Amino acid sequence: MLSIGELITKVQCLRLARTVAPLAARWPTVLSSRTTASESTAAVAATAEQQKKVVKTSKAMKSYLERAKAHDEFMRIQNTEFKLGKRHLANMMGEDPETFSQDDIDRAIQYLFPSGLYDKRARPMMKPPEEVIPQRKAAEFDETGRPFHSMFYTSRPNYSKLLYDVVENINNLNGFEDRMMRKQLKPDESQKLEASGSEWIHK
């Protein structure tokens, strides 16, 4: 025989079991949904982090790329026109367009357009666009806009770098002279450089 206290305890345990059983059955689903939500949150965070790490192209680089694209398109058109003109010139001279060389073009131009101008650059000519049109200057900065040259912002980087190298070499020579003087070594008179009779000439 069960006492009243034990009976009450059993009834409470049965009620508790009935209440907990549905929750226990649903627990894996809740857990999996929580796991999926956490995984999706982590994926979104990782994507945002990757987007932050993406290097943006600077305005200077975009402008350069646009100009380079326009220049390439211009050169393509000029090359097409040159090849077409070369074929017409070969037909005019009765030559085979496929074997018509640059020397043949020069001779044909000289024959068709005789000129007595002294300066050869003023005479009529027909050269490939690569020889006539100056090549486009390469980009001096990377995609982030950072210049390659350490003295880019001096407005004359090559000149400034040359001056820097001159000063560095002079300092190295002065240091070498000091070391030789400490060792009490005198310079060889036969290797002396005479610059008194020299003169600077412009390019």
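Guide: Let us begin with burial: a residue is called buried under 20% relative accessible area, exposed over 50% and partly exposed in between, with a 1.4 Å probe and protein chains only as cover. The model is predicted, so local features need pLDDT of at least 70 and side-chain atom pairs count only at pLDDT 80 or more, whereas totals for chains, interfaces and linings use all residues. Residues are numbered from 1 along each chain as its sequence is written, and side-chain values use heavy atoms, with hydrogens and water left out.

Visitor: With that scale in hand, is His71 buried or exposed?

Guide: His71 counts as buried, because its relative accessibility is 18%. His71 belongs to helix H2, which covers residues 59-92. Contact means heavy atoms within 4.5 Å, and, not counting residues up to four places away in sequence, His71 touches Ile133, Pro134 and Arg136.

Visitor: How many helices and strands does the chain have?

Guide: The chain has five helices and zero strands, and reading along the sequence gives the pattern α-α-α-α-α. Of its 203 residues, 12% count as buried. Among the contacts with a separation of 6 or more, 43% are between residues 24 or more positions apart.

Visitor: How should I read a nonpolar core, and which residues form the largest one?

Guide: A nonpolar core is a set of buried Ala, Val, Leu, Ile, Met, Phe, Trp, Tyr and Cys residues joined through side-chain atoms within 4.5 Å. The largest here has eight residues, namely Phe82, Leu89, Ala90, Phe100, Ile105, Ala108, Ile109 and Met126. The elements that give two or more residues to this core are H2 and H3. Taking Phe100 as an example, and leaving aside its neighbours within four places in sequence, we find Phe100 in contact with Lys86, Leu89, Ala90, Met93, Glu95, Ile105 and Ala108.

Visitor: What about charged side chains, and how many salt bridges does the structure hold?

Guide: Side chains of opposite charge can pair when their charged atoms come close. A salt bridge is counted when a side-chain nitrogen of Lys or Arg is within 4 Å of a carboxyl oxygen of Asp or Glu, and the structure holds six of them. One of these joins Arg87 to Glu98, with the closest N and O atoms 3.0 Å apart. Arg87 lies in helix H2 and Glu98 in the loop between H2 and helix H3 (102-112), so this pair ties together parts that are 11 residues apart in sequence. Arg87 is partly exposed, because its relative accessible area is 40%, whereas Glu98 counts as exposed at 61% relative accessibility.

Visitor: Which residue does Asp106 meet in a salt bridge?

Guide: The side chain of Asp106 meets that of Lys127, at 3.4 Å from N to O. Asp106 lies in helix H3 and Lys127 in the loop between H3 and helix H4 (129-132), so the pair ties together parts that are 21 residues apart in sequence. Asp106 is partly exposed at 27% relative accessibility, and Lys127 is partly exposed with a relative accessible area of 29%.

Visitor: Which residues does Pro128 touch?

Guide: Pro128, found in the loop between H3 and H4, touches Phe82 and Gln102, not counting residues up to four places away in sequence. Pro128 is buried, because its relative accessible area is 17%. From C-alpha to C-alpha, Pro128 and Gln102 are 8.7 Å apart in space, and they are 26 residues apart in sequence.

Visitor: Finally, how do I check the length of helix H5?

Guide: The expected span of a helix is 1.5 Å times one less than its number of residues. The 26 residues of helix H5 (residues 157-182) should therefore span 38 Å, and the end C-alpha atoms are 37 Å apart, which agrees. In H5, Pro157, Ser160 and Met180 are buried.

Conventions. Helices (H or I, at least four residues) and strands (E, at least two) are DSSP runs, numbered from the N terminus.
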